[in-house]
Amino acid sequence: MPSFTGASKSLLVMAALVVVLAGVKTASALVVPFILSVFIAIICNPLIDTLGRYRIPKGVAVSIVILLVVAVLLSIGGLVGQSVNDFSQNLPQYKEQLKKEFVWAVNTLAQYNIFLNKEQLISMFDPGKMVDVATNMLTGLGGVMANLFLIIITVVFMLFEGPSISRKIHLALDDPDMKMAQIDRFLESINSYLAIKTLVSLATGFLATMLLWALDVDYFILWGVVAFMFNYIPNIGSIIAAVPPVLLALITQSPLTAAFVGMGYLVINAVMGNVVEPKFMGRGLGLSTLVVFLSLIFWGWLLGTVGMLLSVPLTMVVKIALEESEEGRWLATLLGADVDDAKQSDQG
């Protein structure tokens with residue numbers, strides 16, 4: 001058997017990686033529901049463990065959690081689905097009103113001797129397209145959730161198999177005594193990260209919903225769900241989630257209300273992203289800003305809307321796996337946050 005060293009080994013690994021990614025891209029219709037099932041199962045697993053502490057049988061605990069998940073998804077899906085339909089019907093009218101507001105702003109600037117080409121600016125910067133981004137992503141996620149029955153069934157089997165997965169991994173890696181602490185840390189880190197991120201996203205969505213309800217912004221439940229889902233998207237997720245309600249408040253109410261919506265979103269995301277989340281999650285699983293943005297592009301290209309929503313969790317899986325490998329630890333360091341920031345976080 002030929003041995004590969006140096007550049008030959010690197011080229012072989014890169015070629016294998018390209019083949020694997022091409023296969024994932026081609027089979028995304030099957031891969032995406034499976035990945036979504038994995039993350040739902042990871043999020044639900046702490047609830048199963050909590051019910052188990054009260055000596056509730058595993059089958060009963062899984063049934064309770066699955067029924068709860070299905071009830072929540074169907075309830076939110078019904079409310080959001082109706083809101084999406086109503087919003088989609090009114091979307092052309094909203095776009096026209098947005099363009100009128102945009103033209104008014106250009107004309108106002110002209111009064112102060114700031115002259116801009118209206119047609120060129122509208123073609124380059126169409127406010128309606130920013131609303132399309134959020135609605136298109138919701139449509140893409142809705143297409144995935146069309147396989148809800150398959151996803152739920154997969155989640156059920158994963159929850160039943162969950163406790164034995166760690167043991168199987170140990171046995172598969174010739175560790176019958178189960179002394180590989182790295183594998184345990186890997187599984188616990190992913191579980192902890194997703195649980196905390198989900199709770200923070202739920203709180204973000206709830207606060208956004210309450211803010212929009214208090215300001216009487218249309219479709220406040222829809223935008224709250226958008227804020228929850230887009231909180232998983234790094235850097236630009238909160239911006240995309242804030243744009244539709246801000247623009248809707250602008251054209252249906254007043255610039256002052258739109259300003260209040262924008263400031264409210266800014267405060268919510270600043271507190272949740274810079275205070276609450278780091279407090280519970282810490283910087284141990286940090287990623288550099290560049291890596292976060294590039295992961296958003298990469299996973300979005302590979303897996304579509306679900307890939308964008310889960311770009312950070314998926315990258316975290318890769319990073320934690322690399323940290324537990326001598327050969328890949330250097331790459332995990334490159335993916336991680338700034339070294340000085342990590343030291344300051346550890347000292348704090």
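Okay, before anything else, a definition: two residues are in contact when they have heavy atoms within 4.5 Å of each other. Helices and strands also need one: they are DSSP runs, numbered from the N terminus, with helices being H or I over at least four residues and strands being E over at least two.

Now, what we have up here is a predicted model, where local features need pLDDT of at least 70, side-chain atom pairs count only at pLDDT 80 or more, and totals for chains, interfaces and linings use all residues. Residues are numbered from 1 along each chain as its sequence is written, and side-chain values use heavy atoms, with hydrogens and water left out.

Let's start with the whole chain. How many helices and strands does the protein chain have? There are 15 helices and zero strands. Of the 348 residues, 37% are buried, and buried means under 20% relative accessible area, with exposed being over 50% and partly exposed in between (1.4 Å probe, protein chains only). If you take the contacts between residues at least 6 apart in sequence, 71% of them join residues at least 24 apart. The chain exposes about 20,100 Å², and carbon and sulfur atoms supply 68% of that; the areas come from the Shrake-Rupley method with a 1.4 Å probe, and for residues only the protein chains shown count as cover.

Next, confidence. pLDDT is the predictor's confidence in each residue, from 0 to 100. The average for the protein chain is 75, and 73% of the residues score at least 70.

Two packed helices are described by the angle between their axes and the distance between the axes. Our pair is α11 (residues 289-303) and α13 (residues 311-323), whose axes come within 9 Å and cross at roughly 105°. The axes are lines fitted to C-alpha atoms, for helices over the stretch in contact, and angles run from 0 to 180 degrees between N-to-C directions. Under 35 degrees counts as roughly parallel, over 145 as roughly antiparallel, 65 to 115 as roughly perpendicular and the rest as oblique. α11 and α13 are therefore roughly perpendicular to each other.

Who meets whom there? On the α11 side we have Val291, Val292, Ser295, Leu296, Trp299 and Leu303, and they meet Ser311, Val312, Leu314, Thr315 and Val318 in α13. By class, that contact has eight nonpolar, three polar and no charged residues. The classes go like this: Ala, Val, Leu, Ile, Met, Phe, Trp, Tyr, Cys and Pro are nonpolar, Asp, Glu, Lys and Arg are charged, and the others, Gly among them, are polar.

Let's pick out Ser295 from α11. Is Ser295 buried or exposed? Ser295 counts as buried because its relative accessibility is 5%. Leaving out residues up to four places away in sequence, Ser295 touches Gly300, Ser311 and Thr315.

There's another serine to look at, Ser37, in helix α2 (residues 28-53). Ser37 has a relative accessible area of 1%, so it is buried. Beyond four places in sequence, Ser37 touches Ile151, Thr154, Val155 and Met158.

Back to α8, residues 220-230. Eight of its 11 residues are buried, so α8 is largely enclosed by the rest of the structure. Those buried residues are Leu222, Trp223, Gly224, Val225, Val226, Ala227, Met229 and Phe230.

Now the loop between α7 (181-214) and α8, where we find Asp216. Phi of Asp216 is near 60°, a positive value in a residue other than glycine. Tyr219, in the loop between α7 and α8, also isn't a glycine and has a positive phi of about 60°. Asp216 is exposed, with a relative accessible area of 58%, whereas Tyr219 is buried at 17%.

Last stop: Ala258, in helix α10 (residues 255-281). Ala258 counts as buried, at 8% relative accessibility. Ala258 and Leu215 are 43 residues apart in sequence, and their C-alpha atoms are 9.4 Å apart in space.
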